[in-house]
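Subject: Structure for your review

Dear colleague,

Please find the structure below, together with its sequence.

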Amino acid sequence: MKLSIKEKLGYSFGEFAGSSLWQTMMFFLPAFYTDVFLLPATATATLFVVIRIFDALNDPIIGAIADRTNSRWGKFRPYLLWGAFPLGITTVMMFTTPDMSDAGKLTYAYITYFLLLVFYTLVMVPFNSLVGVISPNPDERTSIASYKFVFAYGAGLVVQGLLIPAVERLGEGDEARGYQLAMTGLAAICVVALFVAFRSTRERVKPDPKADTSLKADLGDIFSNRPWLILFASSIIFLIYIGTRSAAVMYYFEYYVGRKDLASIFMVSGTVAVLLGVLPTKYLSKRMGKRNLFIVVLALITGSLIVNYFARPEDLVLIFATQIVFSLASGPTMPLLWSMLADTADYSEWKNGRRATGLVYSAATMAQKTGVAIGAALMLGIIGQFGYVANVDQTPESLQGIKLTMTVVPAVIALAGLILLFFYNLTDAKLEEIAQDLEARREQQPTDAATA
């Protein structure tokens with residue numbers, strides 16, 4: 001079946017909400033904690049590590065719970081309704097600065113950050129899993145994944161461009177108040193966006209009500225699911241090279257290029273190019289096949305990074321040109337990944353007679369969070385080995401380390417992901433066969449399991 005543009009747009013509002021909050025946590029929360037909330041940097045670093053460990057482990061738990069949820073709205077949609085308000089409230093709480101002792105403020109930060117990530121996971125794991133059950137059509141899943149990531153990157157541009165001006169205007173010199181008011185506004189927008197996503201979508205792919213739904217069986221299914229295992233490993237690899245390169249950008253422009261002021265322009269230009277790269281994903285995947293398109297864009301990513309290695313500090317045109325190529329090629333990667341994950345859920349249902357969409361997606365998001373953490377740690381470890389010292393002129397050796405983490409190291413990791421995808425065996429012809437078999441099975445299910 002073909003989904004309406006209205007439903008695709010409505011679903012994507014939920015992505016705008018999730019990405020807005022995620023971008024805020026990535027780019028602004030550390031500075032808020034150290035410079036506004038006045039927590040020590042070391043204590044803040046420990047807070048992030050401790051809470052993020054829980055966050056990664058929490059994803060498959062929420063996914064398994066969502067798979068076992070049954071309501072008149074379906075398995076995954078209810079969490080958008082139930083979790084929207086708590087997520088909005090904890091967002092405001094996290095960016096509120098109560099007058100407490102240092103120990104009290106640190107405790108408050110642990111509690112509010114912990115609660116926010118609990119509700120964020122409670123909403124976003126089921127939201128992401130919706131891609132797998134909105135439609136049984138693989139092409140429509142690719143299309144809705146493309147809409148989703150257009151809104152994701154759009155949210156990034158909005159947060160990067162508007163949050164700080166909003167803090168300054170609303171705070172009128174009081175940065176703490178400015179953050180609280182600005183985040184109250186953003187939280188309200190996110191709550192409304194999640195309600196729009198809830199109202200706009202329907203769950204049409206239903207598991208067999210007679211199937212075994214034990215967690216042990218679900219785990220056995222995904223770990224015997226070859227396409228999923230390849231995508232799981234690919235998720236980690238993709239986020240490692242993205243995490244490595246992203247962590248290197250500020251060092252690259254401050255020390256190697258010598259133009260720290262260009263770093264933000266570099267990042268924004270990349271985000272715009274990624275956004276444009278998302279748009280033709282459905283068309284290209286239909287012409288080339290999802291796996292083949294993925295391999296081609298990873299080859300372009302690898303090539304652009306290698307070319308970037310040969311750019312001298314004064315070669316700004318070449319540096320920005322390779323960034324545009326890298327970012328345009330990166331556009332289709334995440335829509336393809338999320339769409340292909342839905343295909344692996346179909347494959348598991350076709351092969352085993354059971355469907356665990358939430359677990360499939362949540363385990364993949366856990367892999368992505370792990371990949372980002374490994375990427376940043378890898379980057380810092382490499383430049384440390386090359387003799388990097390902060391806030392001084394770098395030696396030729398340390399400059400080489402920074403240059404490698406910006407170019408060759410992520411290129412090698414991307415190439416590993418490319419090679420891994422050659423072993424992904426869900427071709428378009430196979431997916432069509434699976435879709436037809438599953439449709440025939442679902443038509444034989446009792447009518448009370450037909451729709452929500």
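The notes below cover the nonpolar cores, the aromatic pairs and a surface patch.

This is a predicted model, in which local features need pLDDT of at least 70 and side-chain atom pairs count only at pLDDT 80 or more, while totals for chains, interfaces and linings use all residues. Residues are numbered from 1 along each chain as its sequence is written, and side-chain values use heavy atoms, with hydrogens and water left out.

Nonpolar cores

A nonpolar core is a set of buried Ala, Val, Leu, Ile, Met, Phe, Trp, Tyr and Cys residues joined through side-chain atoms within 4.5 Å. Buried means under 20% relative accessible area, exposed over 50%, and partly exposed in between (1.4 Å probe, protein chains only). The largest core has 53 residues, and Met25, Tyr33, Tyr113 and Tyr179 are among those with the most contacts inside it. Helix α8 (175-200) is one of the elements that each supply at least two residues of this core, and α8 gives the most, with 11 residues. Helices here are DSSP runs (H or I, at least four residues), numbered from the N terminus. Tyr179 touches residues including Phe28, Phe32 and Leu163, not counting those up to four places away in sequence; contact means heavy atoms within 4.5 Å. Apart from this core lies another, of 45 residues, among them Ile237 and Met340.

Aromatic pairs

The structure holds 20 aromatic pairs. Rings of Phe, Tyr and Trp (its six-membered ring) pair if their centres lie within 6.5 Å; planes under 30 degrees apart count as stacked, over 60 as edge-to-face and the rest as tilted. The rings of Phe13 and Phe151 have centres 5.5 Å apart and planes at 55°, so this pair is tilted. Phe13 is partly exposed, at 36% relative accessibility. For Tyr33 and Tyr113, the centres are 6.5 Å apart and the planes at 80°, so the pair is edge-to-face. Tyr33 lies in helix α2 and Tyr113 in helix α5, 80 residues apart. Tyr33 counts as buried at 0% relative accessibility, and Tyr113 counts as buried at 2%.

Surface patch

Val268, Val272, Leu276, Leu279, Ile324 and Leu328 form a nonpolar patch on the surface, with about 470 Å² of accessible area together (Shrake-Rupley method, 1.4 Å probe). Helix α11 gives the most to the patch, with 3 residues.

Yours sincerely

Notes:
Patches are made of residues with over 30% relative accessible area and no salt bridge: like charges are joined within 9 Å, nonpolar side chains (Val, Leu, Ile, Met, Phe, Trp, Tyr) within 5 Å. A salt bridge is a side-chain nitrogen of Lys or Arg within 4 Å of a carboxyl oxygen of Asp or Glu.
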